[in-house]
Amino acid sequence: MLILALYKAVPARTTKIVTIGGVLKREEMDLVMNPFDNKAVEAADFLKRAYGGKVISLTMGPDFKLKPIASNLFEAPVEGVDESYILSDRRMAGADTWATAYTLALGIKKIVDTHLSALDELLSLLRSRTSPQEFREKAKELYEKNLVPNIIYSELPTLKGSTLSDRLIKGESDFEEAARVIQKVKEESERFIVVAGIKTSDGETGSTGPQVAEALSGIYGRFIPSVTYVRELEADPESGYLYVVRRIGDLLQKLRLPLPCVITISTEYRPVPPQLKARKRARLFSYGKKITESIVYNADSLNADPRNLGFAGSPTIVGPGIDIGAPPVQKFVGKTLVLSTRVEEFELNGKKYGPFEKFTKADTLPPEVLDHLREKGVVKLFSLEDLVEELFGVRVHVAAKH
Amino acid sequence: MQQNTEYKDVWVYCEVQDGALTRPTTEVIAGARKIADRMNMKVVGVMIGYNLEKVAREPIYYGADEVIVCDSPLLKSYQALPYTYVLSDMVLRLKPWAFLFVANEVGRELGARVAYKTITGLAADCIDLLVEDFVMHTPQGTLVFKDCIAQVRPDFATRIAKIFTPKHRPQMSNVRPGSFSPLPRDETRKGEIIRWEAEIPAGAFAVEVLEERRLPKSNVKLEDAKVIVSLGLGILRDASGNPRNPVEAYEHAEKLAAIIKDRLKVETEIGASRALIYAGVKELEGLIIKDRQVGQTGKTVAPDVYIAAGISGAIQHRVGIMRAKKIVAINTDPDAPIFQIAHYGVVGDVYEVLPKLVQLLGGGEVEA
């Protein structure tokens, strides 16, 4: 089972935000892993330990900024990511969720295809009636690249001697059985699972997960389900179904979905340790190596249509920003000067002022007016009592003050 | 580029629960009404489900001009694939100018899939919708796109951004609950109900709903409260920086909410900032629950009075409370961003100010 964990690098809280026309300049900011994606990596790790396969991390952005984040994931709990892919190209910059989903879906297809063609190489060797030794050599080569699971070839001490390659050499298996095993692995690879966080801490849209599913549906020409806010998770690799519990408002839905699929993992998700029995099977279908050097794909290696990438491929454009306005009048307790009572209209130096309501802010009045009102003894500092009176219409008894 | 002139009307995806429109749906209809009137277009409700006969006219009572209803036993429970199929089919054939969803679990997923499928943009978490010309400066010159929706949403930086979808139609958004006030329900409003027969491929039913159950309804009603007393991380320490038992602050807030309710005869509620909820303070377990969260990921609120106690006021929180009529901020830090948008500021200790407010409200007399 290929488990693809999507993640995004987001600006660190401490970094200075650099944008050009509303588009983040990620290459100039300190980036960290989107905190919501940690749940996706946790769920991916659980799926692998319970059902076998490998966890592949996938992201998009400037590779030199992303590599350190990708490296951390190799150490993620419990077993860490097995492989890391980064989609990096200048043409991908400035993507909205549509263009991001398009690019990620192409990346997913490319990764899945790489695994399928490795298995096809083995199948064609079998068809050409190669020798078991030659088959084993090819399997070893693919194992080193982490493209075949332990059931086909492995150097794990617990499995050595009992893999398909070993059994062919020992005459315990034949090419027909071998083809069946490889076909099974192939089918499982086609039933991949994409896991993602429910949203990112920068954009907070929650759109990318479902849009990746839609993009994959287009690429594969079939309905690929997405389920968001998954809080419980179980897979049955034999039947190819995933069982999830998701929350929609106050409704809990338990769903059975076929693979491939895309799920986003709720912050409420808690992984449970896999059963011992499951772990045994999982080991056979897991991959023995970790490739700890991120693999980088550019737009050309994805066969991407440049018109669908980055800013050019984004239907939405971020317009000018606006500040949330301060209220016209602000009063601070113990700081702001206000009128302690209503003041009727009056004349000062030939000019008319007022009338002023009780609690009118006095600091902003012309100095001579303020002085005049001060002399009349109606200027005071705004108090908590005044706040209660103005805001709630509750007048505080003089007696209640003491 | 698509010929934009053939696209018309503002669609609203209508969610039904317990035989009624959900409140956020009625809010989005009000938002749609605002931009549709500006464009001389219709507001069209779109409803998918089963046994919708009784509820089909509700969008009209709340301000829509027409409702498209797709009613089938196959569509009884929400599922992304068949619902996306039906909506995308409608969009491609009927060409709406705008399509709005509620920014909740369903609206976010469904809107995202429909937008991708119909090759258009989606602005998430909108808090307002305006109609403006969008001016784009390109190396080839300045382009003006007449009458686009400015989809107003909180920005990741510190401000609010307007998102435009200049070239693609429909312009799609999901709108945060609390952003618009529903129009009064009016049963005399007339409008057409259009039945939509969908032929959905079997493949769209790949996901099987095995079980559905409702969680106990939360009794936190931030949406309806006229006064909200909200707590933030600041309650963990007093003005001198000494740790305090935050339950005390909660009790002060509770007393304040109770006394305001009692004296002013209005609904009150206790809210919390995201920071306080995610801090996972053990003492506050069961008291400061997720349903109380105010802000971008929580609820947008519009009370008459919002009292922010010990809340520093991150942009997400400020956006969540900007529709409050009056904001009172209590914080020991005079530079806390919350003071920028507060009508009343109290630089002081929550542990002193809240009890004082309780005392004043309890002792004072209500003016007629």
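**Where chains A and B meet**

Mentor: In this model, 63 residues of chain A are in contact with 74 residues of chain B. It is a predicted model, where local features need pLDDT of at least 70, side-chain atom pairs count only at pLDDT 80 or more, and totals for chains, interfaces and linings use all residues. Residues are numbered from 1 along each chain as its sequence is written, with chains lettered from A and ligands numbered from 1 in the order in which they are written.

Trainee: What makes two residues count as in contact?

Mentor: Their C-beta atoms, placed from the backbone, must lie within 7 Å.

Trainee: Which strand supplies the largest share of the side of chain A that touches chain B?

Mentor: Strand 11 of chain A, with eight residues. Strands here are DSSP runs of E, at least two residues long, numbered from the N terminus.

Trainee: How do you know that strand 15 of chain A pairs with strand 18 of chain B?

Mentor: Pairing asks for at least two DSSP bridges. Two bridges join these strands, which run parallel, so the pair qualifies. In one of them, Phe332(A) has Gly345(B) as its partner.

Trainee: Why is Pro182(B) called partly exposed?

Mentor: Buried takes 20 or more other C-beta atoms within 10 Å of the residue's own, exposed takes 12 or fewer, and partly exposed lies in between. Pro182(B) has 17 such neighbours, so it counts as partly exposed.

Trainee: Where does Pro182(B) sit, in terms of strands?

Mentor: In the loop between strand 11 (171-175) and strand 12 (192-195) of chain B. Residues that Pro182(B) touches include Arg23(B) and Tyr62(B).

Note on methods. Helix = DSSP H or I, 4+ residues; strand = E, 2+ residues; numbered from the N terminus. Lists of a residue's contacts leave out its neighbours within four places in sequence.
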